[in-house]
Amino acid sequence: MDLPSQIDANMSHLDDERWMRHALTLAERARDEDDEIPVGAVVVSATGEVLGEGWNRNIGEHDPSAHAEIVALREAGRRLGNHRLLGTTLYVTLEPCAMCAMAMVHARIARVVFGAFDPKTGAAGSVFDLIADPRHNHRVAVTGGVLGEQAGAMLTAYFRAKRGKA
């Protein structure tokens, strides 16, 4: 890899960590403000502008589709005045489920970056690989495991507390 490419890759990695930290802060809001499963998501434009953000709200809003990703995608769509979110990156603290993965494909986002892998319902490579399915007419680039230990620890602690285990 030549030096400019290496610098670009390092900057991209730093940007990914920066935005994942932002998503982790949103996950904390889900946990602390709404007693929801701590998952946070942020949609960022190609120029680094926050277009939408969200955290899990399905319990409080009585809405099975109000996952962090969907909340963030809806806000970004309203902000842009378009259901297509071309050139954007969605950062989320947990590997997307099937519903969220397909919403990303339909929104035409460029990239998804997630934290913790989800060995039960992950649809970006763990259980299913819906995002990479070659039958789609749009491809979403996937980067997984960014600050995954931190995101996973937050989820584990939440569920242990819910179950009354230290």
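Reader: Where is arginine 108 found?

Author: Arginine 108 is found in the loop between H3 and strand S4 (111-116). Helices (H or I, at least four residues) and strands (E, at least two) are DSSP runs, numbered from the N terminus. This is a predicted model, in which local features need pLDDT of at least 70 and side-chain atom pairs count only at pLDDT 80 or more, while totals for chains, interfaces and linings use all residues. Residues are numbered from 1 along each chain as its sequence is written, and side-chain values use heavy atoms, with hydrogens and water left out.

Reader: Thanks! What is the phi of arginine 108?

Author: Here is the general idea. Most residues other than glycine have a negative phi. Arginine 108 has a positive phi of about 65° although it is not a glycine, and it takes this value just after H3.

Reader: Are arginine 108 and histidine 62 buried or exposed?

Author: Buried means under 20% relative accessible area, exposed over 50%, and partly exposed in between (1.4 Å probe, protein chains only). Arginine 108 has a relative accessible area of 16%, so it is buried. Histidine 62, at 73% relative accessibility, counts as exposed.

Reader: Let's move to H2. How many residues does helix H2 have, and how far does it reach?

Author: The expected span of a helix is 1.5 Å times one less than its number of residues. H2 (residues 68-80) has 13 residues. From its first C-alpha to its last it reaches 18 Å, close to the 18 Å expected at 1.5 Å a residue. After H2 comes glycine 81, whose phi is positive, near 70°.

Reader: Which residues of H2 are buried, and what covers them?

Author: The buried ones are Ala68, Glu69, Ile70, Val71, Ala72, Leu73, Ala76 and Gly77. Covering is read from contact, which means heavy atoms within 4.5 Å. The cover of H2 includes strand S1 (40-44), strand S2 (50-55), strand S3 (89-94) and helix H3 (98-107).

Reader: And what covers the buried residues of H3?

Author: The cover there includes H2, S3 and S4. The buried residues of H3 are Cys100, Ala101, Met104, Val105 and Ala107. Histidine 106 also lies in H3, but it is partly exposed, with a relative accessible area of 48%. Histidine 106 and leucine 85 are 21 residues apart in sequence and 9.2 Å apart in space, C-alpha to C-alpha.

Reader: What does leucine 51 touch?

Author: Not counting residues up to four places away in sequence, leucine 51 touches Val43, Ser45, Glu75, Ala76, Arg79, Leu80 and Thr88. Leucine 51 lies in strand S2 and is buried, with a relative accessible area of 4%.

Reader: How many aromatic pairs does the structure hold?

Author: Rings of Phe, Tyr and Trp (its six-membered ring) pair if their centres lie within 6.5 Å; planes under 30 degrees apart count as stacked, over 60 as edge-to-face and the rest as tilted. The structure holds two such pairs. Phenylalanine 114 and phenylalanine 117 form an edge-to-face pair, 4.9 Å centre to centre with 85° between the planes. The rings of tyrosine 158 and phenylalanine 159 have their centres 5.3 Å apart and their planes at 80°, so this pair is edge-to-face too. Tyrosine 158 counts as buried at 8% relative accessibility, whereas phenylalanine 159 is partly exposed at 29%.

Reader: What is the volume of the largest pocket?

Author: Rolling a probe the size of a water molecule over the atoms shows where empty space is left. On a 1 Å grid over the protein atoms alone, a pocket is an open set of points where a 1.4 Å probe fits, with protein on both sides within 12 Å along at least five of seven lines; lining residues have an atom within 4 Å of a point. Grid points are joined across faces, edges and corners, and a volume is the space filled by probe spheres set on the points. The largest pocket has a volume of about 640 Å³. Of the 25 residues that line it, the closest to its centre are Ile37, Leu94, Asp118, Leu155 and Phe159.

Reader: Which elements give two or more residues to that lining?

Author: They are H2 and helix H4 (148-162). H4 gives the most, with five residues.
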